[in-house]
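The sequence and structure come first.

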Amino acid sequence: MITDIDGTLTDEKRRLSTAAIEVIRELQENGIMVVLASGNTSCLLKGLSKLIGTGGTFIGENGGVYRIGFRGPLKVMAEREIAVKALEMLVEHYAKKGICLELFSHQDRYSDVAFAREVPVDEVRSLLAGWPVDIMDTNFAIHIHAAGIDKGKTFPIVAEELGIKTEEFIGIGDSENDIGMIKAAGIGCCVANAQECLKEVSDHCSSARYGDGFVEIMRKNFPHILAR
């Protein structure tokens with residue numbers, strides 16, 4: 001199973017759902033591997049993997065980095081230079097308007113850049129039209145990374161290294177950065193609070209929102225494990 005975090009394992013205030021964590025631990029204890037896939041940094045995902053109770057495999061920076069298990073080396077899928085240059089242009093553009101972009105974990109990122117959703121994402125895409133970058137709106141931040149990198153591209157690589165086919169995975173998410181991952185999974189699901197673009201490509205959408213939706217989907221697909 002592969003899952004997003006923010007908006008999928010959390011509540012609307014980005015607090016981790018304790019019910020979702022309990023479900024993940026029960027799945028892991030019963031031999032179901034849980035892979036975290038997020039726009040967050042590798043340093044945060046390392047800690048979350050241990051504290052939540054997964055096997056340590058994760059995809060970070062929306063596909064820009066990944067690690068297999070707790071002892072695997074961090075692998076970087078794309079250089080960050082072009083994303084940084086694009087960000088510098090945006091910072092200069094918005095500074096002239098009196099807007100200071102709030103950067104997220106800038107020094108901890110290897111492949112992308114991320115900043116607060118204080119400016120319209122469509123405007124950002126317009127400003128960077130022609131640049132070899134992709135702009136991703138995760139509902140919590142705007143990310144910029146080299147073109148062609150996303151969770152859906154890195155997921156098959158991770159699956160192969162794990163020795164599991166992508167079609168054997170259930171994928172769960174809530175926003176546009178999860179589209180590729182959801183399409184690549186054997187069963188693609190989203191929680192009720194998901195963006196419409198993700199609902200359109202999902203095989204199933206929960207009736208509950210956020211972490212409760214994740215729990216609902218897991219109980220539907222693993223009734224023999226999550227009986228209660």
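## Pairing of β6 and β8

In this predicted model, strands β6 (residues 112–115) and β8 (residues 142–146) pair in the antiparallel sense over 4 bridges. Two facing positions can be named: Val113 stands opposite Ile144 in β8, and Ala114 stands opposite His143 in β8.

Strand β6 is covered on both faces. Asp112 and Ala114 are buried on one side, and Val113 and Phe115 are buried on the other.

## The sheet and its helix

The pair belongs to an open sheet of 3 strands, ordered β6-β8-β7, with antiparallel pairing. Strands β6 and β7 (133–137) stand at the edges; each has a single partner strand, so one side of each lacks a neighbour in the sheet. From one strand to the next, the twist averages 20°.

Helix α3 (residues 81–95) lies across β6, β7 and β8. The helix runs at about 30° to β6.

Thr54 is located in the loop between α2 (42–52) and β3 (58–60). Is this residue buried or exposed, at 6% relative accessibility? Thr54 counts as buried because its 6% falls under the 20% cut-off.

The side chain of Thr54 reaches the backbone nitrogen of Gly56 at 3.2 Å. Leaving aside residues up to four places away in sequence, Thr54 touches Ile24, Gln28, Val34, Leu36, Ser49 and Phe70.

Technical notes
Residues are numbered from 1 along each chain as its sequence is written. This is a predicted model: local features need pLDDT of at least 70, side-chain atom pairs count only at pLDDT 80 or more; totals for chains, interfaces and linings use all residues. Side-chain values use heavy atoms; hydrogens and water are left out. Buried means under 20% relative accessible area, exposed over 50%, partly exposed in between (1.4 Å probe, protein chains only). A polar contact is a pair of N or O atoms within 3.5 Å; within protein, one must be able to donate a hydrogen and the other to accept it, and residues adjacent in sequence count only if both atoms are side-chain atoms. Contact means heavy atoms within 4.5 Å. Two strands pair if DSSP finds at least two bridges between them. Axes are lines fitted to C-alpha atoms, for helices over the stretch in contact, and angles run from 0 to 180 degrees between N-to-C directions.
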